[in-house]
Amino acid sequence: MISITATLGFAPTALALEYNKEILVEADFSGRDLTDSSFTKANLRQSNFSHANLNGVSFFAANLESANLEGSDLRNATLDSARLVRANLTNALLEGAFAANARFDGATIDGADFTDTLLRPDEQKKLCKLAKGTNPTTGRDTRDTLFCP
């Protein structure tokens, strides 16, 4: 790695991290670049991911109950079977995320962007009852990104 840095003059990007099946209750990942990391089946209840780069991250079957994901970049993330009950997704960017079977009961989604996010129809309907605001990064209305009536 040192020779690459010296030769090319820049540092390589961070390597993806694995936190699979870890118990990380109340962990603080705020502002971190966790691109392509894996939190499969991890217990992340009440953890802080605010303003983190979570692009391509796997939260498959993870417990994100009451987690803070405010302003996070969840583009192309895997949220399949994740538990996002009472999670804060204010101004989060979920474009292209895979969230089939994810549960969002009581989540805060003000300003979240769900463009091209795969959701179950019943979850989409529940989210439409809560949807309001505009994402500050993309300028898209939350209701429009969920195709709310």
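In this presentation, a residue is called buried under 20% relative accessible area, exposed over 50%, and partly exposed in between, with a 1.4 Å probe and protein chains only. Arginine 140, at 33% relative accessibility, therefore counts as partly exposed, and I shall return to that residue.

Good morning, colleagues. The structure is a predicted model, in which local features need pLDDT of at least 70 and side-chain atom pairs count only at pLDDT 80 or more, while totals for chains, interfaces and linings use all residues. Residues are numbered from 1 along each chain as its sequence is written, and side-chain values use heavy atoms, with hydrogens and water left out.

I begin with confidence. pLDDT is the predictor's confidence in each residue, from 0 to 100. The protein chain averages 91, and 90% of the residues score at least 70. Helices here are DSSP runs of H or I with at least four residues, strands are runs of E with at least two, and both are numbered from the N terminus. Confidence is lowest in helix α1, residues 2–8, with a mean of 40, and highest in helix α3, residues 142–145, at 98. Over residues 1–13 pLDDT stays under 50. Where pLDDT is low, the predicted coordinates should not be read in detail.

Next, the interior. A nonpolar core is a set of buried Ala, Val, Leu, Ile, Met, Phe, Trp, Tyr and Cys residues joined through side-chain atoms within 4.5 Å. The largest one has 40 residues, and Phe39, Phe49, Phe59 and Phe104 have the most contacts inside it. Contact means heavy atoms within 4.5 Å. Neighbours within four places in sequence aside, the residues touching phenylalanine 49 include Phe29, Phe39, Leu44, Phe59 and Asn68.

A polar residue deserves attention here. Asparagine 63 lies in the loop between α1 and α2, and counts as buried because its relative accessibility is 19%. A polar atom of the asparagine 63 side chain lies 3.0 Å from the backbone nitrogen of glutamate 65. Beyond four places in sequence, asparagine 63 is in contact with Ala42, Asn43, Leu44, Arg45 and Arg83.

I turn to helix α2, residues 121–130. Which residues of α2 are buried? They are Glu123, Leu127 and Cys128.

Finally, the charged pairs. A salt bridge is a side-chain nitrogen of Lys or Arg within 4 Å of a carboxyl oxygen of Asp or Glu. By this rule there are 9 salt bridges. One of them joins glutamate 95 to arginine 140, at 3.2 Å from N to O. This pair links distant parts of the chain, 45 residues apart: glutamate 95 is in the loop between α1 and α2, and arginine 140 in the loop between α2 and α3. Glutamate 95 is partly exposed because its relative accessibility is 23%.

Arginine 103 pairs with aspartate 105, their closest N and O atoms being 2.8 Å apart. Aspartate 105 has a relative accessible area of 25% and is thus partly exposed. In another salt bridge, aspartate 122 and arginine 120 have their closest N and O atoms 2.6 Å apart. Salt bridges that share partners also join Arg103, Asp105, Glu123 and Lys126 into one network. Thank you for your attention.

Definitions and conventions:
Polar contact = N/O pair within 3.5 Å; in protein donor to acceptor, adjacent residues only side chain to side chain.
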